[in-house]
Amino acid sequence: MNAVPNIVHYTSGECSLGQVLYAVNAPGICAILIGDETAALVSDLARRFPEASLQRADVELAAELHSLLAHFDHPGSDLTLPRPLALSGTPFQKHVWQALTEVRRGETVSYRELAMRLGKPTATRAVAGACAANPVAVLVPCHRVLRSDGGISGYRWGVERKRQLIELERRLASAV
């Protein structure tokens with residue numbers, strides 16, 4: 001029996017955060033990347049999935065991308081995902097990403113506090129590394145993690161985007 005080839009279908013579009021690349025594979029949503037240039041996002045996708053065949057699928061993924069971009073521009077309600085998340089990472093990274101989904105919109109947490117929530121109080125740097133490796137921007141809200149002094153530190157998708165997301169979520173949370 002022949003193995004099913006590893007195919008990643010993707011499309012891209014633009015929202016208030018910049019260019020967004022949305023990628024899916026057989027198990028589900030495998031990447032949501034944000035940046036300034038689509039070509040750079042496709043290169044990032046290829047780096048993340050070196051064994052996969054990348055196939056552009058604008059028509060097939062148009063409705064899913066449209067919903068995602070609308071959510072990014074107006075995140076006032078929860079997004080119903082059309083597919084499950086299919087995140088590739090180490091068990092520790094997946095543990096961090098799961099914990100991040102429990103940080104509510106409009107709230108933030110420090111890297112140290114997140115490490116403590118995970119029962120790993122000395123793993124602050126490892127938590128930061130897991131945030132940096134997050135393959136799905138915004139849906140796994142690593143933008144909600146700040147330095148211990150409350151300052152905004154590095155963000156895989158750009159510090160200004162992190163600031164923009166935090167401010168938007170705080171406004172939406174305070175309006176409720």
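**View 1. Contacts of K162 in the predicted model.** K162 touches Y111, C142, H143, V145, L146, I152, S153, G154 and Y155, leaving aside residues up to four places away in sequence. The structure shown is a predicted model. K162 belongs to helix α6, residues 159-174. Which side chain of opposite charge is nearest to K162? That side chain is D149, 10 Å away. K162 is buried, yet has no salt bridge. A salt bridge here needs nitrogen and carboxyl oxygen within 4 Å.

**View 2. The salt bridge of D149 and R147.** D149 forms a salt bridge with R147. The closest N and O atoms of D149 and R147 are 3.1 Å apart. D149 is exposed, with a relative accessible area of 59%. R147 is partly exposed, at 38%.

**View 3. The salt bridge of R104 and E107.** R104 pairs with E107 in a salt bridge. Their closest N and O atoms lie 2.7 Å apart. Is R104 buried or exposed? R104 counts as exposed, at 55% relative accessibility. E107 counts as partly exposed, at 35%.

**View 4. The salt bridge of D58 and R56.** D58 and R56 form a salt bridge, with 3.0 Å between the closest N and O atoms. D58 is partly exposed, with a relative accessible area of 35%. R56 is partly exposed as well, with a relative accessible area of 39%. R56 is also within the span of strand β4, residues 53-56.

**View 5. The open sheet.** Four strands make an open sheet. What is the order of the strands? The order is β3-β2-β1-β4, and the pairing is mixed. β3 (28-35) and β4 (53-56) stand at the edges. Each of β3 and β4 has a single partner strand, so one side of each is left without a neighbour in the sheet. From one strand to the next, the twist averages 25°. Strands of a sheet pair through backbone hydrogen bonds, either parallel or antiparallel.

**View 6. The hairpin of β2 and β3.** Strand β2, residues 18-25, pairs with β3 in the antiparallel sense. The pairing runs over 7 bridges. β2 and β3 form a hairpin, with 2 residues between them. Which residue of β3 is the bridge partner of Y22? The partner is I32. β3 is mostly covered, with 8 of its 8 residues buried. β3 is also an edge strand of the sheet.

**View 7. The parallel pair of β1 and β4.** Strand β1 spans residues 7-15. How many bridges join β1 to β4? There are 4 bridges, and the two strands run parallel. H9 stands opposite Q55 in β4. β4 is at an edge of the sheet, with a single partner strand.

**View 8. The crossing of α3 and α5.** Helix α3 covers residues 91-100, and helix α5 covers residues 124-132. Two packed helices are described by the angle between their axes and the distance between the axes. Here the axes come within 9 Å and cross at roughly 80°. That angle makes α3 roughly perpendicular to α5. Which residues of α3 meet α5? They are F92, Q93, V96, W97 and L100. On the α5 side, the residues are A126, V127, A130 and C131.

View 9. E102 is found in the loop between α3 and β5, the latter at residues 109-110. E102 counts as exposed, at 53% relative accessibility. E102 and P141 are 39 residues apart in sequence. In space, their C-alpha atoms are 9.1 Å apart.

**View 10. The backbone at V138.** V138 is found in the loop between α5 and β6, the latter at residues 145-146. What is the phi of V138? Phi is near 70°, a positive value in a residue other than glycine. Most residues other than glycine have a negative phi. V138 is buried, with a relative accessible area of 11%.

Key
Residues are numbered from 1 along each chain as its sequence is written. Side-chain values use heavy atoms; hydrogens and water are left out. Buried means under 20% relative accessible area, exposed over 50%, partly exposed in between (1.4 Å probe, protein chains only). Lys and Arg count as positive and Asp and Glu as negative; His and the chain ends are not counted. Contact means heavy atoms within 4.5 Å. Two strands pair if DSSP finds at least two bridges between them. Axes are lines fitted to C-alpha atoms, for helices over the stretch in contact, and angles run from 0 to 180 degrees between N-to-C directions. Angles under 35 degrees count as roughly parallel, over 145 as roughly antiparallel, 65 to 115 as roughly perpendicular and the rest as oblique.
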